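Have the sequence and the model open as you read.

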Amino acid sequence: MSDTGEEVTRAQLRHGLRIATLVVAMATVFGPGLTNLMSNIDRYQSSLAQLAAFAALAAVLAGEATLLVRGRSWGRSRGPVIAVVLIVSALSYVTLPDGRTSTSVDWMFGAANWVGVVVLLDRPLRTAASFLLAHELTALLHLLLLDDPSRADLARFATGSVTVFGLPLCAAVMAAVTRGLSAAAATSRGEIERVRVAEAVAAESHGRRQQRFAELSATTIPLLEGLADGSLRPEDPAVQRRCAIEAARMRRLFAEADDVENPLLHELRHCIDVADRKGVVVELDTRGQWPEPPVAVRRDLTEAVIIVLATAVSRARVTVIGSAELVSVNVVADCREMNMPSPATPGVEVEALNSDDSLWMEARWQRTS
């Protein structure tokens, strides 16, 4: 079964338990409770107080039924409602005939307990247990303080408490177990989602690493193999230039994975760092603001820069000029004329001019709508 299906099943279980508890409470209050009340109505010290207590419990049950139909809970009104149940319970005991606690005359003993549990069914178990204990103490204090209980009265009270306290407590325990299962299931589902996300991130990272390796293998691996087998000589200026270009490309690829505010400038700085290491003094200047180009566009914009900087003898100046629709990367360096790479991305143009011992190159990208 799917996670969603299990969650629906647990929600249905909680809803069904709430309905069952309400049905039991209504059957108890309107069944034996109302029957015992009406059959002994003339024996109470105040029949009006007893009827008012019954009306209060009936109103609470009606409110629970209404909330159940609407799919809502008591919320902040739960506390005042429980207070009302305890108050009318005490009112019923105050007007109870002497010596009639936990008898059929004491209809409240087996009614208020279920009403309170219905209201507290979605609360922690200790809350429902505290209410049941308060209800039991109300009856016990009436028995001990206002009656003169015999051993038989105490035994009757203890026997009645088994069902008055135990059965509603069982319902509260079932509700607590259901909530615990739901919470555990939600925690497990969250852990599963975190594992899935971690696996997806790891797979994506592995894919990016594989892609970078494939991109470098076409040019970097032949260079390394040539250096390893001796077919390429490190002191050869052309080999040194190739090494500088590949080093800058590798730095650029690593920089592409960084989360920075301006990726183009970030990657250019990594390319410039390689030129700095071989003694070329490079100045970087920026003007304006520009949109963030896609990765493929940034590679085309920086590829020509990498080649020019790898060829520069001692100095170079890199200028990035941007606007809302255009970004241009310009390089002026003291290097000889060379062939510029053709951009692989539509919209990117590369232009170069050579004058004496200086080369000017511009790579620009025009954003399309």
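Is Ala198 buried, partly exposed or exposed? Ala198 counts as partly exposed, because its relative accessibility is 45%; buried means under 20% relative accessible area, exposed over 50%, and partly exposed in between (1.4 Å probe, protein chains only). This is a predicted model, where local features need pLDDT of at least 70, side-chain atom pairs count only at pLDDT 80 or more, and totals for chains, interfaces and linings use all residues. Residues are numbered from 1 along each chain as its sequence is written, and side-chain values use heavy atoms, with hydrogens and water left out.

- Ala198 sits in helix α6 (residues 151–217); helices are DSSP runs (H or I, at least four residues), numbered from the N terminus.
- Ala198 and Ala175 are 23 residues apart in sequence, and their C-alpha atoms are 35 Å apart in space.
- Ser92 belongs to helix α3 (residues 78–94).
- Ser92 is buried, at a relative accessible area of 1%.
- Ser92 touches Gln50, Ala53, Trp107 and Met108, leaving aside residues up to four places away in sequence; contact means heavy atoms within 4.5 Å.

**Aromatic pairs**
- The whole structure holds three aromatic pairs; rings of Phe, Tyr and Trp (its six-membered ring) pair if their centres lie within 6.5 Å, with planes under 30 degrees apart counted as stacked, over 60 as edge-to-face and the rest as tilted.
- Phe30 and Phe54 form an edge-to-face pair, because their ring centres are 5.7 Å apart and their planes stand at 90°.
- Phe30 lies in helix α1 (residues 3–39) and Phe54 in helix α2 (residues 47–70), so this pair ties together parts 24 residues apart in sequence.
- Phe30 is partly exposed at 37% relative accessibility, whereas Phe54 is buried at a relative accessible area of 10%.
- Ring pairs join Phe30, Phe54 and Trp107 into a cluster.

**UniProt record**
- An unreviewed UniProt entry lists "transmembrane region" for several spans, including residues 16–35 and 102–121; such annotations may be inferred rather than shown by experiment.
- Residues 16–35 are 100% helix and 0% strand, with end C-alpha atoms 27 Å apart.
- Residues 102–121 are 40% helix and 0% strand, with end C-alpha atoms 24 Å apart.

Key. Helix = DSSP H or I, 4+ residues; strand = E, 2+ residues; numbered from the N terminus.
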